[in-house]
Amino acid sequence: MSQIVIFTDLDGTLLNHHNYDYAGVCPLLGRLKEMNIPVILNSSKTLDELSRWQEMLQLDPPVIAENGGVVLLPTHNGTQKVLIGKPYAEIRSYLKHLRKSHHWNFEGFGDWTVAEVMNKTGLKAKEAALAKEREVTEPIIWNDSEEALALFAIELEKEDLILKKGGRFYHVMGKHDKADAMQFLVNKEYFSCGSMCKIVALGDGENDLSMLNYADIPVVLPSASGDRLEVNGAIYVEEAAPVGWVKAVESIVGL
């Protein structure tokens, strides 16, 4: 078998959706590192958030943030950040325009204080502050009708923006996804196996679909909403994160 490269979502996939528990994955991550199997975080979280998680999980770059919009690459002298998405200030400006002109009821990270982010996400103060350091996406809560949501998506399209549904929020962003960043890394051969890499991807939310469909071995974990993603050829895990993540990966790599 060609060398395996693992791409994984974080919330609800590697971390428990409700309490962010991850302790159960740490021994396995250590074994994967010994086996030279890279584990790449591919999340809607900000790069600042993921940098902290990389440190806690003892993972090396690359890392993919904000739904494929930001990639942190390893270099000879450290790391290099590549922005794929539309700048956050432009996204926020257009959202304010839409809210004012259409009177739609929605709110996002840019509207909230750190304390409000803590309340909406269950994050602690430091993590909530990092979650506000956004570069290319705006997570929102939609408090209006489904009909208005459909019109909202049409208006976003006029500015080359799209709406992605994640585990907790809708994400307003440019036309990029998690698979774009994966393809960039694989094509640039940032891994020792180059084009012969066998790609494993694990996710639980709608914004993981592109990542799962790109993978050779897609793994779907149960979502907090109870909705089940439909992915051809996927491995479906019954246990929630982090137990489900561990069992699936152990089975795939033969542990």
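Okay, housekeeping. Because the model is predicted, local features need pLDDT of at least 70 and side-chain atom pairs count only at pLDDT 80 or more, while totals for chains, interfaces and linings use all residues. Residues are numbered from 1 along each chain as its sequence is written, and side-chain values use heavy atoms, with hydrogens and water left out.

Let's start with the sheet. Three strands make an open, antiparallel sheet, in the order 3-4-5. Helices (H or I, at least four residues) and strands (E, at least two) are DSSP runs, numbered from the N terminus, and two strands pair if DSSP finds at least two bridges between them. On the edges we've got strand 3 (63-65) and strand 5 (78-83), each pairing on one side only. From one strand to the next, the twist averages 25 degrees. Strand 4, residues 70-75, pairs with strand 5 over six bridges, and if you want a spot to look at, Leu72 sits opposite Lys81 in strand 5.

So what packs on the sheet? Helix 2, residues 47-57, touches strand 3, strand 4 and strand 5 (contact means heavy atoms within 4.5 Å), and its direction makes about 145 degrees with that of strand 3. Helix 7, residues 178-187, packs there too, touching strand 3 and strand 4, at about 20 degrees to the direction of strand 4. For those angles, axes are lines fitted to C-alpha atoms, for helices over the stretch in contact, and angles run from 0 to 180 degrees between N-to-C directions.

Now the pockets. A pocket here is an open set of points on a 1 Å grid over the protein atoms alone, where a 1.4 Å probe fits, with protein on both sides within 12 Å along at least five of seven lines; lining residues have an atom within 4 Å of a point. Points are joined across faces, edges and corners, and the volume is the space filled by probe spheres set on them.

The largest pocket comes out at about 320 Å³. Its lining has 17 residues, with Asn36, Ile37, Pro38, Val39 and Asp60 nearest the centre. Helix 1 (26-34) gives the largest share, three residues. By class, that lining is twelve nonpolar, three polar and two charged; Ala, Val, Leu, Ile, Met, Phe, Trp, Tyr, Cys and Pro count as nonpolar, Asp, Glu, Lys and Arg as charged, and the others, Gly among them, as polar.

The second largest pocket is about 240 Å³, lined by 18 residues, with Lys165, Gly166, Gly167, Ser225 and Asp227 nearest its centre. Strand 7, residues 137-142, gives the most, three residues. Here the classes are seven nonpolar, six polar and five charged.
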